[in-house]
2 protein chains.
Amino acid sequence: MKKTYFTPGPAQLYPTFEKHLQAAVEEQLGSISHRSRRFRSMYQETAENLRALLNIPAGNQIVFTSSATEIWERSIQNLVGESSFHLVNGSFSQKFYDFSVELGKNAIKQDAEPGKGFEVAEVQIPIESELVCLTHNETSFGVMFPASSIHALQALNPEMLFIVDMVSSAPYPELDFTKIDSAFFSVQKGFGLPPGLGVWIVNEKCLAKAEKLKAAGHRIGTYHSLPLLWKNALSFETPSTPNVVSIYLLGKIAGDMLQKGIQIIRRETAERAAEMYGFLEKSEKFKPLVQNKAHRSPTVLVTQTSGSQKVIDQLAEQYMVVGSGYGNFKESQLRIANFPATTEAEWKRLLKMLATV
Amino acid sequence: MKKTYFTPGPAQLYPTFEKHLQAAVEEQLGSISHRSRRFRSMYQETAENLRALLNIPAGNQIVFTSSATEIWERSIQNLVGESSFHLVNGSFSQKFYDFSVELGKNAIKQDAEPGKGFEVAEVQIPIESELVCLTHNETSFGVMFPASSIHALQALNPEMLFIVDMVSSAPYPELDFTKIDSAFFSVQKGFGLPPGLGVWIVNEKCLAKAEKLKAAGHRIGTYHSLPLLWKNALSFETPSTPNVVSIYLLGKIAGDMLQKGIQIIRRETAERAAEMYGFLEKSEKFKPLVQNKAHRSPTVLVTQTSGSQKVIDQLAEQYMVVGSGYGNFKESQLRIANFPATTEAEWKRLLKMLATV
């Protein structure tokens with residue numbers, strides 16, 4: 001019997017994944033040249049579907065890397081001369097900050113405790129910040145920084161570049177790409193694909209910044225510098241041979257999501273999350289980690305529990321896989337992903353099982 | 001009808017590819033955590049099979065990146081403080097050199113004309129070179145720098161680090177990993193997989209060099225710095241979520257190659273190449289680009305021809321795909337890959353068709 005993965009990534013594969021993979025095999029897409037017309041039409045389809053799904057303006061480019069981790073590195077290299085600012089409330093936002101430090105930048109951060117989020121009024125961004133790095137969904141503790149807060153923060157600092165890590169929430173957040181300058185995600189979370197591809201959305205201000213840094217003698221990378229990624233994207237190409245099959249699959253699944261309707265997907269995500277948080281609040285065995293309801297992630301739900309391994313084992317007997325807590329909280333927390341790939345019936349089944357463990 | 005790809009990469013998929021992909025889907029490997037026991041056992045199997053296949057000493061590490069292009073960048077960052085040396089005889093060896101320049105190093109090169117190789121006695125390596133960058137098989141013009149020449153050059157310069165680009169020849173060359181320090185390839189050439197994974201083989205001298213550079217304040221990267229890749233590899237892990245399915249498939253295909261026998265694969269490759277070069281020499285329509293027989297690549301065969309597009313079109317009618325010439329030689333040359341994924345029957349069929357075009 002196949003398992004259902006409620007893990008925060010790698011995660012459950014999208015229901016149409018196998019069908020599209022089979023089509024890719026039939027069409028021998030693993031053998032085609034990344035300089036061929038077929039590849040360019042595939043890149044174009046994937047970009048157009050993502051553009052429609054996430055409401056990305058025509059002037060923005062959608063480029064591919066190998067992972068979101070790579071985009072942490074590339075974005076700092078290409079968008080920061082001296083100073084970056086980071087809101088840090090978990091391991092993943094912390095890593096984005098760490099990358100900036102490792103790359104020799106003056107990285108400044110504002111911290112929040114595990115399970116806590118940020119209020120716009122409390123955020124203090126140093127005036128010298130060139131790039132503001134925000135994490136829409138902190139995967140380690142299931143804390144969300146809502147899209148409306150991101151937009152409000154940007155409005156207060158219109159001269160800075162804003163980049164949003166939407167790794168474990170895309171395509172859920174309704175980001176306004178006329179306000180933010182860049183966002184990124186990887187495909188093994190909300191898009192229900194195997195890992196091996198990162199998606200980086202950038203506007204012309206990002207390109208101009210990278211070119212300015214390069215002209216000033218900064219090292220912005222080689223084959224995956226933003227100017228080179230951008231230039232190639234203009235003709236739907238990539239600087240080097242990419243994960244061709246994954247680009248194809250992403251386009252197909254984005255197409256399926258468009259067909260279903262992104263607002264339906266968002267509503268289902270919110271409804272299922274509300275149902276689960278409601279259960280966790282009433283339960284005697286579980287308790288939502290995030291107290292502030294406005295900061296609770298709809299896509300990665302974290303609950304406190306006494307002895308997570310026992311729950312994980314009981315669910316495993318029923319072929320359901322949930323994530324343990326992150327890092328030091330491995331034993332005392334559970335992480336439950338609520339991604340579009342899981343069906344209504346699977347979600348109900350999980351809720352039912354959690355009520356009996 | 002399915003096509004047979006004789007292209008220099010992406011290329012024909014290995015005959016067992018579909019079977020292994022199906023097994024990966026059945027086992028839901030696209031959903032498993034890269035911190036799980038299952039992933040570690042998979043990494044271990046892949047590394048052990050590659051170690052046996054390529055005769056890699058136990059002290060060397062085998063680490064994964066997203067592509068060989070990435071390894072050009074990471075190897076310069078991690079193994080070069082000031083100076084690198086490059087033998088350049090085509091676009092790919094040139095790019096390795098370009099990366100070193102872009103990363104601010106003092107990169108020095110020795111050039112050869114298209115279709116020409118290097119004699120060990122002619123090579124002059126500046127004494128300050130820290131890393132000697134050699135391309136075993138220059139994919140653009142089908143020129144080989146034989147393993148014996150690589151070993152001889154290293155013996156003359158034992159204090160320098162030697163790295164070998166074996167992208168479009170692995171697993172063919174019998175490199176002596178007690179002599180060279182590093183080598184790398186990507187999976188969409190001789191291993192017959194879709195693109196999206198690079199394999200980097202490194203010894204302890206490479207690790208020591210990277211650590212020394214880091215201690216001296218050089219920027220050696222973030223998540224894919226060599227020390228971090230190495231540390232993770234010790235427990236068969238990766239610093240970030242990798243292309244899990246591709247690592248699995250590579251291990252299985254390396255296992256299939258072991259079962260067939262690497263010496264049989266090498267002999268078949270050499271025999272088929274000899275047969276094709278023999279035909280090209282006698283043909284009135286074709287002429288091998290590389291004159292020096294010792295420098296002719298057995299894995300990427302380049303021939304001159306008048307009007308390559310016509311030949312490509314005629315072969316396409318028979319569901320056979322060969323590569324055009326590289327760059328400016330697109331119209332006047334053909335590139336024919338002779339990778340282990342194509343069968344004896346397919347090779348014979350190509351020879352027969354070429355004789356009639």
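How many bridges join strand E3 (residues 83-88) of chain A to E4(A)? Six bridges join these two strands, which run parallel. The model is predicted: local features need pLDDT of at least 70, side-chain atom pairs count only at pLDDT 80 or more, and totals for chains, interfaces and linings use all residues. Residues are numbered from 1 along each chain as its sequence is written, chains are lettered from A and ligands numbered from 1 in the order in which they are written, and side-chain values use heavy atoms, with hydrogens and water left out.

**The sheet of chain A**

- Seven strands of chain A form an open sheet with mixed pairing, in the order E2-E10-E9-E8-E5-E3-E4. Strands (E, at least two residues) and helices (H or I, at least four residues) are DSSP runs numbered from the N terminus, and two strands pair if DSSP finds at least two bridges between them.
- Strands E2 (61-65) and E4 (106-111) of chain A stand at the edges with a single partner strand each, so one side of each has no neighbour in the sheet.
- From one strand to the next, the twist averages 20 degrees. Angles run from 0 to 180 degrees between N-to-C directions, with axes fitted to C-alpha atoms, for helices over the stretch in contact.
- Strands of a sheet pair through backbone hydrogen bonds, either parallel or antiparallel.
- Ser84(A) stands opposite Ala107(A) in E4(A).
- Helix H5 (residues 147-156) of chain A packs on the sheet and touches E3, strand E5 (131-135) and strand E8 (161-165) of chain A. The direction of H5 makes about 165 degrees with that of E8(A). Contact means heavy atoms within 4.5 Å.

**Where chains A and B meet**

- In the contact between the chains, 44 residues of chain B meet 44 residues of chain A.
- The two chains bury about 3700 Å² between them, 54% of it on carbon and sulfur atoms. Buried area is the accessible area (1.4 Å probe) that two parts lose on being put together, summed over both.
- In chain B, Gln28(B), Ser31(B) and Thr222(B) lose the most area to chain A, together 16% of what that side buries.
- Two salt bridges are counted between chain B and chain A; a salt bridge is a side-chain nitrogen of Lys or Arg within 4 Å of a carboxyl oxygen of Asp or Glu.
- One salt bridge links the side chains of Glu73(B) and Arg74(A) (2.9 Å, N to O).
- Helices H1 (17-26), H3 (68-79), H4 (91-102) and H8 (244-260) of chain B are the elements that give two or more residues to the side touching chain A. The largest share, five residues, comes from H1(B).
- A network of salt bridges links Glu70(A), Glu73(A), Arg74(A), Glu70(B), Glu73(B) and Arg74(B).

**Strands of chain B**

- Strand E12 (residues 300-305) of chain B is largely enclosed by the rest of the structure, because five of its six residues are buried. Buried means under 20% relative accessible area, exposed over 50%, and partly exposed in between (1.4 Å probe, protein chains only).
- Three bridges join E12(B) to strand E11 (residues 286-288) of chain B, and the two run antiparallel. Lys287(B) stands opposite Gln304(B) in E12(B).
- Five bridges join E12(B) to strand E14 (residues 333-337) of chain B, also antiparallel. Thr303(B) stands opposite Leu334(B) in E14(B).
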